[in-house]
Amino acid sequence: MDLLEELKQLPPDLGGVAAGERLVVAFSGGADSTALLDLLQRLAPERALQLIAAHLDHGLRSESAEDAKWCAAFCAERGIEFVTERIEIADSEEAKQLGVEAAARRARYEFLDRIRESRGFDLVATAHHRDDHIETLLLWLDRGSGLTGMEGIRARTATRLRPLRATPRQDILLYMEARGLEW
């Protein structure tokens with residue numbers, strides 16, 4: 001079965017997309033988020049979905065501006081609304097306190113939530129997959145989180161949707177290849 005058919009059959013509590021949902025899709029331009037955006041766009045007519053692709057350029061790599069341009073072009077070719085913003089996170093106070101990766105993650109979710117709230121959209125959809133979920137479980141267990149950490153990455157919360165949470169990354173890469181998608 002292909003990923004689109006799997007997504008169509010996925011119940012909302014396990015990360016499935018309900019009819020009429022308005023989704024801000026976190027779009028880095030990597031394989032995972034490109035596959036998610038492609039899947040959701042293919043599902044949109046059947047489920048009456050509204051999509052906005054959102055890309056935050058953290059300014060951490062010299063080629064990050066090119067990533068943002070690539071994402072914009074990908075969305076323009078497909079008629080998907082695209083929003084982007086650039087920040088300089090590396091030298092921020094938050095990066096000094098939390099570390100660059102944690103500060104970048106916090107900034108990214110603040111950006112995505114700001115778009116969701118300002119547009120009146122329902123959820124932020126991210127491309128977390130099964131491999132991410134397992135890694136998170138192991139990290140939390142290593143930290144001694146107890147039962148709370150056993151949950152890992154949730155497929156759906158009040159503001160987040162992760163339709164690929166049960167999908168192995170290898171299946172995402174095979175989907176990308178079968179669709180002829182670049183990232």
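Residues 24 or more positions apart account for 73% of the contacts (heavy atoms within 4.5 Å) in the chain with a separation of 6 or more. The model is a predicted one, in which local features need pLDDT of at least 70 and side-chain atom pairs count only at pLDDT 80 or more, while totals for chains, interfaces and linings use all residues. Residues are numbered from 1 along each chain as its sequence is written, and side-chain values use heavy atoms, with hydrogens and water left out.

**Exercise 1.** Determine how many helices and strands the chain has, and in which order they run.

*Solution.* Take helices (H or I, at least four residues) and strands (E, at least two) as DSSP runs, numbered from the N terminus. The chain then has seven helices and five strands, and from the N terminus on their order is α-β-α-β-α-β-α-α-β-α-β-α. Next, apply the accessibility classes, in which buried means under 20% relative accessible area, exposed over 50% and partly exposed in between (1.4 Å probe, protein chains only). Of the 183 residues, 44% count as buried.

**Exercise 2.** Find the largest nonpolar core and state which elements give two or more residues to this core.

*Solution.* A nonpolar core is a set of buried Ala, Val, Leu, Ile, Met, Phe, Trp, Tyr and Cys residues joined through side-chain atoms within 4.5 Å. The largest such core has 32 residues, and V17, L23, V25, F27, L37 and L40 are those with the most contacts inside it. Two or more residues of this core come from each of α1, β1 (22-26), α2 (31-47), β2 (50-57), α3 (64-78), β4 and α7, with the largest share, seven residues, given by α2. For V25, leaving aside neighbours within four places in sequence, the contacts are L36, L37, L40, L51, I52, A53, A54 and A125. A second, separate core has 17 residues, including A54, A104, L112 and V124.

**Exercise 3.** Describe the second largest pocket by its volume and its lining.

*Solution.* On a 1 Å grid over the protein atoms alone, a pocket is an open set of points where a 1.4 Å probe fits, with protein on both sides within 12 Å along at least five of seven lines, and lining residues have an atom within 4 Å of a point. Grid points are joined across faces, edges and corners, and the volume is the space filled by probe spheres set on the points. This gives about 150 Å³ for the second largest pocket, whose lining consists of L3, E6, L7, L10, L39, P163, L164, R165, A166, T167, P168 and D171. Helix α1 (residues 3-9) supplies the largest share of this lining, three residues.

**Exercise 4.** Is H129 buried or exposed, and which side chain does the side chain of H129 meet in a polar contact?

*Solution.* First locate H129, which is found in the loop between β4 (123-125) and α6 (130-142). With a relative accessible area of 3%, H129 is buried. A polar contact is a pair of N or O atoms within 3.5 Å; within protein, one must be able to donate a hydrogen and the other to accept it, and residues adjacent in sequence count only if both atoms are side-chain atoms. The side chain of H129 makes such a contact with the side chain of D32, at 3.2 Å. Beyond neighbours within four places in sequence, H129 is in contact with D32, L164, R165, T167, R169 and I172. T167 itself lies in the loop between β5 (160-161) and α7 (169-179) and counts as buried at 6% relative accessibility.
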